[in-house]
Amino acid sequence: MIVENYWKYFLVPLIVYCVTYVIYLWRNDKKKKIFGNSGRTERVEFDDSDLGEQDDLSPALPEDLAHIPLKPEILPTDVMIRHSREFYEKMNKRRSIRNFSSRSFPKEIIYNIIRTAGTAPSGAHTEPWTFIVVESMDMKEKIREIIEEEEEMNYKKRMGKTWTTDLKPLKTNWVKEYLTVAPYIILVFKQTHSFKSDGTKKIHYYNEQSLSIAVGFLLAAIHSAGLYSLTSTPLNCGPAIRSLLNRPSTEKLVFLLPVGYPAENCLVPDLHRKPLNEIIVEY
Ligand SMILES: Cc1cc2nc3c(=O)[nH]c(=O)nc-3n(C[C@H](O)[C@H](O)[C@H](O)COP(=O)(O)O)c2cc1C
């Protein structure tokens, strides 16, 4: 009797439930196609916002990729200790500067620095990076104009009191003279994805982490060449600079680094680095 009179009220929720369940099953099947049937449907610590739908299951690298013998350079222990100590001492002298000289240097050094950055590891060897080298004054001026305009708004409106207060000891502001003074600017774009030769999408796993490691290599190479830099992440400038440099929408500006010699009498904040016992935990 109840069923006869009220069946209409049960029908709609039942249909909604069935449709939702079918969509859930269909999406789960897609995930299994991409990630394999590992028995785990929840993926952790991976931002798949760039993933999209992928029906093509051929690997981005050749399926029959050869594995070749590694030729390791095994060093005597005392040499290892000396090298590791010397490398630390060298890297501990690296400083960011905000006051550059316009003195130039051979571009070959920039090429070697970027070659070094390109040796960084990357998720599934996708090498998700593009390094743009800007030497032309015209382009530097355009970049500076975009950055100073955005940075003025960042400092005055977007960053807020806590952030700007924390930056005060470093004496930074929205005026970035170094952008037109340093002989080169390197802009580092992450590639969210690319395309395989057959036109299907090649996913760049962990592209931001891979890019950041490459920039670490870049900074070490700049320092090792006897040059100086400033790591910067221009806030809200990405789209305008990407369009200025004519880069595709698959690329996003992450870092911008002027590279050069320090100006005469260049000052740096008297910062101290945490000692080993404050950054290490051993078990
Ligand atoms: C991700 C990142 C973003 C940064 N952004 C800026 C920036 O926008 N402007 C700036 O003047 N310095 C920037 N810096 C430089 C830091 O302020 C600097 O590394 C820090 O004060 C330590 O100084 P040191 O590099 O000489 O060790 C940035 C550094 C990093 C790692």
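Figure 1. A polar side-chain atom of Arg273 lies 2.7 Å from an oxygen atom of the ligand, a polar contact being a pair of N or O atoms within 3.5 Å. The protein covers 66% of the 620 Å² of accessible area that the ligand has on its own, with areas taken from the Shrake-Rupley method with a 1.4 Å probe. An N or O atom in the side chain of Arg95 is 2.7 Å from an oxygen atom of the ligand. Thr231 contributes through its backbone, where an N or O atom lies 2.9 Å from a nitrogen atom of the ligand. The model is predicted: local features need pLDDT of at least 70 and side-chain atom pairs count only at pLDDT 80 or more, whereas totals for chains, interfaces and linings use all residues. Residues are numbered from 1 along each chain as its sequence is written, and side-chain values use heavy atoms, with hydrogens and water left out.

**Figure 2. The shell around the ligand.** Arg94, Arg95, Ser96, Arg98, Leu170, Thr172, Leu230, Thr231, Ser232, Thr233, Leu271 and Arg273 surround the ligand, each having a heavy atom within 4 Å of it. By class, this shell has three nonpolar, five polar and four charged residues (nonpolar: Ala, Val, Leu, Ile, Met, Phe, Trp, Tyr, Cys and Pro; charged: Asp, Glu, Lys and Arg; polar: the others, Gly among them).

**Figure 3. The largest pocket.** The ligand sits in the largest pocket, in that more than half of its atoms lie within 2 Å of the pocket's grid points. On a 1 Å grid over the protein atoms alone, a pocket is an open set of points with protein on both sides within 12 Å along at least five of seven lines, and lining residues have an atom within 4 Å of a point. The largest pocket holds about 1,100 Å³ of space. It is lined by 40 residues, of which Arg98, Leu170, Thr172, Tyr178 and Leu230 are the closest to its centre. Two or more lining residues come from each of α4 (137-158), α5 (160-167) and α6 (178-181). The lining has 22 nonpolar, ten polar and eight charged residues.

**Figure 4. The largest cavity.** The structure holds one cavity of 30 Å³ or more, a cavity being a set of grid points where a 1.4 Å probe fits but cannot get out. The largest cavity has a volume of about 50 Å³. Its lining includes Arg94, Arg95, Ser96 and Thr231.

Methods: Polar contact = N/O pair within 3.5 Å; in protein donor to acceptor, adjacent residues only side chain to side chain. Points joined across faces, edges and corners; volume = space filled by probe spheres on them. Helix = DSSP H or I, 4+ residues; strand = E, 2+ residues; numbered from the N terminus.
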